[in-house]
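Hello,

Here is the structure I promised to pass on to you. Have a look at it first, and my notes on what turned up follow below.

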Amino acid sequence: MKWIEISFWICMGIVFYAFLGYGIVLYAMVLIKRIVSKDKLEAKPFEPAVTLVIPCFNEADILRAKIANSKKLDYPADKLKIVFITDGSTDGSDCYLNAWPDIVVLHENRRGGKTAAENRAMKYVDTPFVIFSDANTMLNSAAVKNIVKHFEDDMVGCVSGEKRIINDAADSASAAGEGIYWKYESLLKKLDSELNSACGAAGELVAFRSSLYRDLPEDTLLDDFMQSMQMAASGYRIIYEKEAYAVETASENVAEELKRKIRICAGGWQSIQRLSGNLTMQKTPLLYFQYVSHRVLRWTITPFLLIAIFILNMYIIKSGSQFYMTIMVAQVLFYSAAIIGYILENRRVTFKPVFVPYYFCIMNYAVLAGLRRYLSGQQKATWDKAQRKAVTLN
């Protein structure tokens, strides 16, 4: 029985560390760094030429809003080049965009996926910095200024903006869970960036030093993550800038969110495999510690450990321990809340306390489903966009 208890607590410790413990350790490390290092850089005007690249696939219904949003960005017009790439689109997006003479439109009939489109778009980028933004997200007016200022540091290779989810009291489990998840993720990214380097970047809004960009294989599932982490593995920093943000609504329902999560998790497995030779403890020890703690644990073993915890707990309570019985009851209540969240979601009933456990379980299920899809080779670089409500940014 002793080895079962030891295994139980090892599993509990890893799961706690993956979801909460790393955040605590990271915060403590950042506090120490703040005490030791008090240097402050003097802000200087820095407005280099930038290309904003917006990959699109059949996004004709939101192009007007995206164009208006892009033109409202607070940045010198003569230094901001706007490029839309509509490869594979069949809804007339390229024809609509061609009506705007100050916008560069790239289009070919072949649909190769987002990675292929970005690789192709980079052939037309002649500025020292490039920013990628999804068509269905709206940027705050100061986004470009707040991003490019970090590139004054020659060791900054990538700057990631913040993803913000709009929801309201009537939103579903996906909105409630996704909103909380991204708030916590944003905090971790901010602390990672302050300590050393963020661990990856979000494709909704990400900028690269153009000279460091390398074409990725077209079957790459998480292009933004892979591109940024390759730069970090080469010694460049990824900065997280919360005052440059991309706003979008949550997925319309959990089914839509699950499709997105499974694709991300399949991409996570792929990324871990492809980064294994470049990102190591020997080459970049601090970055590797952050990467494993923030990404690898959640993308690989935590779902298996959650199952193990439940099974081990069942064996341990046979000894009659009241303490372990309490833990078992807590687990049963948590997963019961997730089941209730599933039922209420299907009935369009809003009760946020049960949506958080539901979303947590959905996230971990997506890791298992993503592994299956990755191993089977069923996840393609092209994908169907998730159904989301329209978003505007004033």
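**Salt bridges**

Let me begin with a pair of charged side chains: Glu204 and Lys163 meet in a salt bridge at 3.5 Å, N to O (a salt bridge being a side-chain nitrogen of Lys or Arg within 4 Å of a carboxyl oxygen of Asp or Glu). Glu204 lies in the loop between H6 and E7 and Lys163 in strand E6, so this bridge ties together parts that are 41 residues apart in sequence. Helices (H or I, at least four residues) and strands (E, at least two) are DSSP runs, numbered from the N terminus. Both Glu204 and Lys163 are buried, where buried means under 20% relative accessible area, exposed over 50%, and partly exposed in between (1.4 Å probe, protein chains only).

Before you go further, please note that this is a predicted model, in which local features need pLDDT of at least 70 and side-chain atom pairs count only at pLDDT 80 or more, while totals for chains, interfaces and linings use all residues. Residues are numbered from 1 along each chain as its sequence is written, and side-chain values use heavy atoms, with hydrogens and water left out.

By the salt-bridge rule the count comes to 20. Another of them joins the side chains of Lys149 and Glu241 at 3.9 Å, N to O. This pair links distant parts of the chain, with Lys149 in the loop between helix H5 (143-148) and E6, and Glu241 in strand E8, 92 residues apart. Lys149 is partly exposed at 39% relative accessible area, whereas Glu241 counts as buried at 9%.

Glu185 and Arg295 also meet through their side chains in a salt bridge, 3.7 Å from N to O. Here too distant parts of the chain are linked: Glu185 sits in helix H6 and Arg295 in helix H9 (residues 285-299), 110 residues apart. Glu185 is buried, with a relative accessible area of 1%, and Arg295 is buried with 11%. There is also a network of salt bridges that links Asp87, Glu108, Arg110, Arg120 and Glu218.

**A lysine without a salt bridge**

Lys189 is buried yet has no salt bridge, and the nearest side chain of opposite charge, Glu185, is 4.7 Å away (Lys and Arg count as positive and Asp and Glu as negative; His and the chain ends are not counted). Leaving aside neighbours within four places in sequence, Lys189 is in contact (heavy atoms within 4.5 Å) with Trp182, Ala198, Ala202, Tyr240, His294 and Arg295.

**The sheet**

Overall, the secondary structure of the protein chain comes to 12 helices and 8 strands. The 8 strands form an open sheet with mixed pairing, in the order E3-E2-E1-E4-E7-E6-E8-E5. Strand E3 (104-106) and E5 stand at the edges with a single partner strand each, so one side of each is left without a neighbour in the sheet. Two strands are taken to pair if DSSP finds at least two bridges between them.

How many bridges join strand E6 to E8? There are 10, and E6 (residues 156-166) runs parallel to E8, with Val156 opposite Arg237 in E8. E6 is also joined to strand E7 (residues 205-209) by 3 bridges, and these two run antiparallel; Ser160 stands opposite Val206 in E7. On E8 there are also 2 bridges to strand E5 (residues 138-139), again antiparallel, and Met138 has Val247 in E8 as its bridge partner. Strand E8 (residues 237-249) has 10 of its 13 residues buried, so it is largely enclosed by the rest of the structure.

**Loops and overall figures**

Gly88 is placed in the loop between strand E2 (80-85) and helix H3 (93-97) and counts as buried at 9% relative accessibility.

Ile62 is found in the loop between strand E1 (50-55) and helix H2 (63-71). Ile62 is buried, with a relative accessible area of 17%, and beyond neighbours within four places in sequence is in contact with Ala135 and Asn136.

For the whole protein chain, buried residues make up 53% of the 394 residues.

Best wishes
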